[in-house]
Amino acid sequence: MRKDIHPKDYRLVVFKDMSNDYTFLSRSTVKTKESIVWEDGKEYPVVKLEISHTSHPYYTGKMKLVDSAGRVDKFKTRYKKRYE
């Protein structure tokens, strides 16, 4: 196996599911500009997720309609100048 190919800058990061406000703390190397105060009173970087195991239909057993129209409109407004 090749040596020194894995990142070494792991840190604690809070992941937040935006569809149901479920949060969990895990180690990651993801870079983010936002932060949040966790239950222990310390401040950690936060990564916002659209879906997690608490909201995914496969794991919950419930079919849930995801708002894709809002995302399409947001994309069109963001890149409107480029496609004119």
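In which sense do strand β1 (residues 11-17) and β2 pair, and over how many bridges? The two strands pair in the antiparallel sense, over seven bridges; a pair of strands requires at least two bridges found by DSSP. This is a predicted model, in which local features need pLDDT of at least 70 and side-chain atom pairs count only at pLDDT 80 or more, while totals for chains, interfaces and linings use all residues. Residues are numbered from 1 along each chain as its sequence is written, and side-chain values use heavy atoms, with hydrogens and water left out.

Next, select Val 13, whose bridge partner in β2 is Ser 26.

Now extend the selection to the sheet. It is an open sheet of four strands in the order β2-β1-β4-β3, with mixed pairing. Because β2 (22-28) and β3 (35-37) each have a single partner strand, they stand at the edges, and one side of each is left without a neighbour in the sheet. Strands of a sheet pair through backbone hydrogen bonds, either parallel or antiparallel.

Then display the whole protein chain. Two helices and four strands make up its secondary structure, where helices (H or I, at least four residues) and strands (E, at least two) are DSSP runs numbered from the N terminus. Along the sequence, the pattern reads β-β-β-β-α-α.

Finally, colour the chain by accessibility. Of its 84 residues, 14% count as buried, that is, under 20% relative accessible area with a 1.4 Å probe, protein chains only.

Definitions and conventions. Buried means under 20% relative accessible area, exposed over 50%, partly exposed in between (1.4 Å probe, protein chains only).
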